[in-house]
Amino acid sequence: MYGTIFRMRPAAGKEQDVIDVFKKWESERKPNVKGVVGGYIMKPDADNGELIGVAVFESKEAYIANGNDPGQNDWFMKLRGFLQSDPSWEDGEYLIG
C-alpha cells in the first residue's frame with residue numbers, strides 16, 4: 001500500500017469548510033477513484049490549529065494516477081481556498097496496515 005500523511009492549517013473560521021470538502025471527496029470522488037483504500041482526518045489534542053490527514057491507496061501507481069486526475073486538482077483547489085498555506089505532505093509505502 002502507498003499514500004501520504006499530511007498536515008494542513010485551516011484559515012480562521014474555515015475548519016468546518018475543510019471537513020466538508022473532505023466529506024464531499026468521500027461521497028463524490030472516492031467511489032470513482034481506482035485503488036483508493038481509505039483516508040482519515042484527525043484534529044490533534046494539542047489543538048494547535050492543524051488538521052492531520054492520511055490517505056491510503058493500493059499502490060503507488062494508483063496514488064499517482066489520482067494525483068494526476070484533473071478532478072482531483074479541481075477538488076484540491078477548492079480545499080486550498082480554505083487553508084492558510086499549502087499542506088505539508090509525506091508520501092511513502094505503508095508497511096503494516
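Where does G3 lie?

Guide: G3 lies in strand β1. Strands here are DSSP runs of E with at least two residues, helices are runs of H or I with at least four, and both are numbered from the N terminus. Two ground rules come before the details. This is a predicted model, in which local features need pLDDT of at least 70 and side-chain atom pairs count only at pLDDT 80 or more, while totals for chains, interfaces and linings use all residues. Residues are numbered from 1 along each chain as its sequence is written, and side-chain values use heavy atoms, with hydrogens and water left out.

Start with G3 itself. G3 counts as buried because its relative accessibility is 1%. The classes are buried for under 20% relative accessible area, exposed for over 50%, and partly exposed in between, with a 1.4 Å probe and protein chains only.

Two strands count as paired if DSSP finds at least two bridges between them. Strands of a sheet pair through backbone hydrogen bonds, either parallel or antiparallel.

Take the pairings one at a time. β1 and β3 are joined by 7 bridges in the antiparallel sense. Within that pairing, F6 faces G53 of β3. On to β2: 6 bridges tie β2 to β3 (residues 51-57), again antiparallel. Here V36 is opposite F57 of β3. β3 is mostly covered, with 6 of its 7 residues buried.

Stay with β1 and turn to R7. The side chains of R7 and E50 form a salt bridge, at 2.8 Å from N to O. This pair spans distant parts of the chain: R7 sits in β1, E50 in the loop between β2 and β3, and 43 residues separate them. A salt bridge is a side-chain nitrogen of Lys or Arg within 4 Å of a carboxyl oxygen of Asp or Glu. The partners differ in cover. R7 is classed as partly exposed because its relative accessibility is 40%. E50 has 17%, so E50 counts as buried.

The structure holds 8 salt bridges. Another uses the loop between β2 and β3. K43 pairs with E15, and their closest N and O atoms are 3.3 Å apart. K43 is in that loop and E15 in helix α1, 28 residues apart, so this pair too links distant parts of the chain. K43 is partly exposed because its relative accessibility is 42%. E15 has a relative accessible area of 26%, which means partly exposed as well. A further salt bridge joins R80 and D86, at 2.5 Å from N to O. R80 is partly exposed at 22%, while D86 counts as exposed at 53%. Shared partners link R7, R9 and E50 into one salt-bridge network.

Last, the open space. About 520 Å³ lies in the largest pocket. On a 1 Å grid over the protein atoms alone, a pocket is an open set of points with protein on both sides within 12 Å along at least five of seven lines, whereas a cavity is a set where a 1.4 Å probe fits but cannot get out; lining residues have an atom within 4 Å of a point. The volume is the space filled by probe spheres set on the points, with grid points joined across faces, edges and corners. The lining of this pocket has 23 residues, and A55, N66, Q72, W75 and W89 lie nearest its centre. β1 (2-8), α1 (15-29), β2, β3, α2 (60-68) and α3 (70-80) each give two or more residues to this lining. β2 gives the most, with 5 residues. By class, 14 lining residues are nonpolar, 7 polar and 2 charged. Nonpolar covers Ala, Val, Leu, Ile, Met, Phe, Trp, Tyr, Cys and Pro, charged covers Asp, Glu, Lys and Arg, and the others, Gly among them, are polar.
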